[in-house]
Amino acid sequence: EALRGPAAEALATQARDLSAVAGDLRDLDVQIDEVLRPRAAQGGADAAGFATLAAALEARRGDARARLRAALTGAQGRALLFDLSAFVALRGWLRPADHGQTAGLARPAQKTAVKALDRLWKKARRAAPEALAPDAADTPRHALREDLKKLRYAVEFLSPAFAPKAAKPFRRRLKRLQDAFGALNDGAVAERLFAGEAPPAAEDPAAQRAAGRLLGALAVQAEADREAARDGWQALVDEPRFWR
């Protein structure tokens, strides 16, 4: 909290914009390299259809990669690097009119870490019941996934303020839970790609048959992933919070 302010918020906005561009490429990487190509390599009646789907997505991946490279090497990426460097070099977190900030900056790192981790943990716990319900929609599930991602980054960044290795069990549980949510997210991305507007290789019957089989298999897998997410969440809740 002592570091927050207009300058930090502006940096966060710039980083989120770049992250969105990177996310588009990441989703295509997963669908092509981890979902479609392995199925094409297995052979079988739908191998050709899976290969056609992968090839159709390659053009989209090329466009997404070009957009990301342009963003990183162009004005958008350069602005973030420059502004971040200025923020660090010029101590952009200082707020001269905020006389209470000095006390916050002087607070011991461990106390600051406890407060930050408590806040993120409570936010995740509030989101969990709706996100883990059997009939949960994608939106609350995605929101919890984002909360868990922030919690994990905070755990990794702040754990040195505590006893060595104290965070390992909690971090291990958190990673397993994230893996389950990641699999659910990849399934949702596949649904949008292959059953949404402008699906790849829409004119190819073999490709569309393969897409249907893929979505059916992912729907079955999603049931197991949801169960893994519920089990993983309970295991995380039962794991002692190392910062307490």
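Colleague: What share of the contacts in the protein with a separation of 6 or more comes from residues 24 or more positions apart?

Modeller: In this predicted model, residues 24 or more positions apart account for 78% of those contacts, and the chain they belong to holds eight helices and zero strands.

Colleague: What makes α2 roughly perpendicular to α8?

Modeller: The two helices pack at an angle of about 95 degrees, their axes being 7 Å apart. Angles of 65 to 115 degrees count as roughly perpendicular, and therefore α2 is described as roughly perpendicular to α8.

Colleague: Which residues meet where α2 packs on α8, and how many of them are nonpolar, polar or charged?

Modeller: From α2 come G49, F50, T52 and L53, which meet A206, A207, Q208, A210, A211 and L214 of α8. These residues divide into seven nonpolar, three polar and no charged.

Colleague: Which residues of α2 are called buried, and what covers them?

Modeller: Buried stands for under 20% relative accessible area, and the residues of α2 that are buried include G49, F50, L53, R61 and A71. Their cover includes α1 (6-41), α3 (75-89), α7 (168-195) and α8 (205-238). Across the protein, 36% of the 244 residues are buried.

Methods
Residues are numbered from 1 along each chain as its sequence is written. This is a predicted model: local features need pLDDT of at least 70, side-chain atom pairs count only at pLDDT 80 or more; totals for chains, interfaces and linings use all residues. Side-chain values use heavy atoms; hydrogens and water are left out. Buried means under 20% relative accessible area, exposed over 50%, partly exposed in between (1.4 Å probe, protein chains only). Helices (H or I, at least four residues) and strands (E, at least two) are DSSP runs, numbered from the N terminus. Contact means heavy atoms within 4.5 Å. Axes are lines fitted to C-alpha atoms, for helices over the stretch in contact, and angles run from 0 to 180 degrees between N-to-C directions. Angles under 35 degrees count as roughly parallel, over 145 as roughly antiparallel, 65 to 115 as roughly perpendicular and the rest as oblique. Ala, Val, Leu, Ile, Met, Phe, Trp, Tyr, Cys and Pro count as nonpolar, Asp, Glu, Lys and Arg as charged, and the others, Gly among them, as polar.
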